[in-house]
Amino acid sequence: MTPTWEAQYIDGTILKEDTHKFREIDQSKLATFHIVDADNPDRSFILQWKEGRKLIHFWRHLIIHGVEETRITLTCFGYEEKGIKNLFVVMPDGGLIITDDIDSIKVEI
Amino acid sequence: MTAAVVDICETNTVSVTVTDAITSSNMGITDTANTTLTTAFAIPADSYFYEKWQRLHVHTNASGNTIQGIRVWCTGTLPGSDTHTTNARTGSYAGAASYSTPVITQTAAANRQTMPSSDPGAANLGIGGTLTPTSNGVGLISTTGYSDYMVHQIHVDSATTAGPSSALTLYFQYDEYSA
């Protein structure tokens, strides 16, 4: 299952991905940003928030046509701070890669 | 929030037959999607396979996520001096190719170049004729729609000897930004 996010504000309010859009997060009120893996709770993690950061969330999808079609999705969370990106990339096997350059992650079959 | 549903679709024939959610990009001597490979589809030296006209199709996008940054490349080894060409390119992109009936002769698609053999590192297939999204929504898909066509074709060189070749693997990559 693809990991989901939860945004917790300083006042304790929690916004969850299943009921809110990412753009609805008021980053000026953010205390922590949680990446939740419901299938593997021990692989969930929390980003402590700091003023001046800009949240990032996207998926990188690959559709691969070899002998048969294969699909791979990398789920990317993170932030940009002072022009530098810090990305936390959840791999298809649940592994986590921390990088400033998503293109440094090569996925081939 | 749910991810958009995206497939590769292929257009064939003078009747502009669109096949959605293709599962292979096999090339052959018939102008069909999901070509089944058999020895009947082998082609002689110094000839071309049918062009492929393929594009991403965003079917559903209930969350309004943004699709952009499409990259295509192909890994594997072509025999001898065979070539695999495409209109996909990171620089001097010629804009959206207008569909024309696939040919089994040398493709006329504009600005052909060698198909990248690894991740090109930047978008090389456009949306709405451009590789780079703009602030007014051009160059991305935020509802449903199609990318530009990726036209590609393999030429079997005159010196290529008869026999099976190893399979190639075609990659379509795109980024989906959460709305």
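Chain A and chain B touch: 21 residues of chain A are in contact with 23 residues of chain B. Contact here means that the C-beta atoms of two residues, placed from the backbone, lie within 7 Å. This is a predicted model, where local features need pLDDT of at least 70, side-chain atom pairs count only at pLDDT 80 or more, and totals for chains, interfaces and linings use all residues. Residues are numbered from 1 along each chain as its sequence is written, while chains are lettered from A and ligands numbered from 1 in the order in which they are written.

**Where the chains meet**
- Strand 5 (residues 54-65) of chain A gives the most to the side that touches chain B, with nine residues. Strands (E, at least two residues) are DSSP runs, numbered from the N terminus.
- By class, that side of chain A has eight nonpolar, four polar and nine charged residues. Ala, Val, Leu, Ile, Met, Phe, Trp, Tyr, Cys and Pro count as nonpolar, Asp, Glu, Lys and Arg as charged, and the others, Gly among them, as polar.

**Pairing across the chains**
- Strand 5 of chain A pairs with strand 10 (residues 169-177) of chain B. The sense is antiparallel, over eight bridges. Two strands pair if DSSP finds at least two bridges between them.
- F58(A) has Y177(B), in strand 10 of chain B, as its bridge partner.

**A sheet within chain A**
- Four strands of chain A form an open sheet in the order 2-1-3-4, with antiparallel pairing.
- Strand 2 (14-16) and strand 4 (45-48) of chain A are the edge strands, and each pairs on one side only.
- Strand 1 (residues 4-9) of chain A pairs with strand 2 of chain A over three bridges.
- A7(A) has L15(A), in strand 2, as its bridge partner.
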